[in-house]
Amino acid sequence: MEDAQLYASANALQRRDALLVLSEYLPQMAWRDEGEAVMDIGCGSGDVTRNLLLPLLPTVDHVTGVDVSSEMVNFAAKTFDHNSLSFRQLDIEKTIQPRQIFPDGFTKVFSFYCLHWVREQEQCLKNIYQLLQPGGEALLVFLANNPLFTMYENMSLKPEWHEYMKDVSNFISVYQHKSDPAQAMSDIAEDVGFDILSCEAPQLEFVFQNINYVKNAIQAVNPFLKRVPEEKREAFLRDSLQELARLKTQRPDGQMVARYSLMVAHLHRPE
Ligand SMILES: C[S@@+](CC[C@H](N)C(=O)[O-])C[C@H]1O[C@@H](n2cnc3c(N)ncnc32)[C@H](O)[C@@H]1O
């Protein structure tokens, strides 16, 4: 997903969920009067970091948005220039020594709609643990399961699309087929050393305004589209939409609804 402009214009669902979770969890977190250093992992185009997270934080000195994609980081830095914000490239699932990159660490780490892209959950949580100062908290929000991933799996089995989607499993949440995704994530976080303040995967719904909106949203996050030759892209998107409709995402009134589980993990690094 590298088209930052398109993503920023088609992320109403992601923004709705970030707001929902922040409203519930920010009051539960322990806030200092000053000196809060915050990281936002997988900041993408930066608008959630700038327009939701930053204004809602009770106190903050600085927010650092990081993303694996340099295109996203450049877009975010150019678009959301602000005294309390900076953006840097970082791959959160790589074996890195994150405190060599950020020696002071962070008091809070947030992540919205990113960790379903991460295969190496344990390495990722180890990195987040290290990034946090002792006593710090993480709030991690991402897709536990989603019909979108089932659609990818089904599309990858079709002869006309198979060659572009051979590695489909790399793009599906590792929790998609778990019977208890929240427990699976808690287990990993506990092994890494976190206290689990809460970890849930509630079922949510989002009704899209119209079919074009769904198309844009799919296009904005579809990792396969850029591999499909340009002349076949329209057919690929049309087929993706039909496949989603078959997964009972279409209501009798014709509106498309996304029903999915959102992982919300609130973790604490012990003192
Ligand atoms: C769907 S966007 C979410 C953007 C934003 N947080 C929001 O809520 O709108 C997911 C972002 O995660 C980034 N991402 C995926 N894997 C990553 C990794 N291993 N490390 C850091 N960022 C990653 C992608 O580049 C993408 O920009």
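# Close-up views of the predicted model

**View A. Phenylalanine 224 and the aromatic pairs.** Phenylalanine 224 is buried, because its relative accessible area is 0%, and buried means under 20%. The structure shown is a predicted model. It holds ten aromatic pairs. One of them joins phenylalanine 142 and tyrosine 175, whose ring centres lie 5.9 Å apart; the planes meet at 45°, so this pair is tilted. The two residues come from distant parts of the chain: phenylalanine 142 belongs to strand 5 (residues 132-145), whereas tyrosine 175 sits in the loop between helix 8 (159-162) and helix 9 (181-192), 33 residues apart. Phenylalanine 142 is buried, its relative accessible area being 0%, and tyrosine 175 is likewise buried, at 1%. Phenylalanine 224 takes part in another pair, with tyrosine 152; this one is edge-to-face, with 5.2 Å between the centres and 85° between the planes. Since tyrosine 152 lies in helix 7 (residues 147-156) and phenylalanine 224 in the loop between helix 10 (211-221) and helix 11 (230-249), the pair ties together parts that are 72 residues apart in sequence. Tyrosine 152 has a relative accessibility of 2% and therefore counts as buried.

**View B. A cluster of rings and a lysine over a tryptophan.** Trp117, Phe149, Tyr152, Phe171 and Phe224 are linked into a cluster by ring pairs. A further aromatic arrangement involves a charged residue: lysine 108 lies over the face of tryptophan 31, at a distance of 4.4 Å from the ring centre.

**View C. The nonpolar cores and leucine 262.** The largest nonpolar core comprises 58 residues, and those with the most contacts inside it are Phe110, Leu139, Tyr152, Phe208, Tyr260 and Leu262. Beyond its neighbours within four places in sequence, leucine 262 is in contact with Asp17, Val21, Tyr113, Val141, Phe142, Leu143, Ala144, Glu200, Ala201, Pro202 and Leu204.

**View D. Helix 2 and alanine 12.** Helix 2 covers residues 12-25; at 1.5 Å a residue its 14 residues should span 20 Å, which agrees with the 20 Å between its end C-alpha atoms. Its buried residues are Leu13, Gln14, Asp17, Ala18, Val21, Leu22 and Tyr25. Viewed along the axis of helix 2, these buried residues fall within an arc of 155°, so they line one face of the helix. In general, an α-helix has 3.6 residues a turn, so residues three or four places apart point the same way. Alanine 12 also belongs to helix 2. With a relative accessible area of 23%, alanine 12 is partly exposed. Its contacts, leaving aside neighbours within four places in sequence, are Phe206 and Tyr213. Alanine 12 and proline 270 are separated by 258 residues in sequence and by 35 Å in space, C-alpha to C-alpha.

**View E. Helix 10 and its buried residues.** In helix 10, Tyr213, Val214, Ala217, Ile218, Ala220 and Val221 are buried. Their arc around the axis is only 160°, which puts them on the same side of helix 10.

View F. Tyrosine 113 is not a glycine, yet it has a positive phi of about 55°. It is placed in the loop between strand 4 (106-112) and helix 6 (121-131). Tyrosine 113 is buried, with 10% relative accessible area. Cysteine 114 is found in the loop between strand 4 and helix 6. Cysteine 114 counts as buried at 13% relative accessibility. Not counting residues up to four places away in sequence, cysteine 114 touches Ile41, Gly42, Val141 and Phe142. Between cysteine 114 and leucine 140 there are 8.8 Å in space, C-alpha to C-alpha, while in sequence they are 26 residues apart.

**View G. Glutamate 243 in helix 11.** Glutamate 243 is located in helix 11. Leaving aside neighbours within four places in sequence, glutamate 243 is in contact with Met151, Asn154, Met155 and Lys158.

Note on methods:
Residues are numbered from 1 along each chain as its sequence is written. This is a predicted model: local features need pLDDT of at least 70, side-chain atom pairs count only at pLDDT 80 or more; totals for chains, interfaces and linings use all residues. Side-chain values use heavy atoms; hydrogens and water are left out. Rings of Phe, Tyr and Trp (its six-membered ring) pair if their centres lie within 6.5 Å; planes under 30 degrees apart count as stacked, over 60 as edge-to-face and the rest as tilted. Helices (H or I, at least four residues) and strands (E, at least two) are DSSP runs, numbered from the N terminus. Buried means under 20% relative accessible area, exposed over 50%, partly exposed in between (1.4 Å probe, protein chains only). A charge sits over a ring if NZ of Lys or CZ of Arg is within 6 Å of the ring centre and within 35 degrees of the ring normal. A nonpolar core is a set of buried Ala, Val, Leu, Ile, Met, Phe, Trp, Tyr and Cys residues joined through side-chain atoms within 4.5 Å. Contact means heavy atoms within 4.5 Å. The expected span of a helix is 1.5 Å times one less than its number of residues. The arc is that of the directions from the helix axis to the C-beta atoms.
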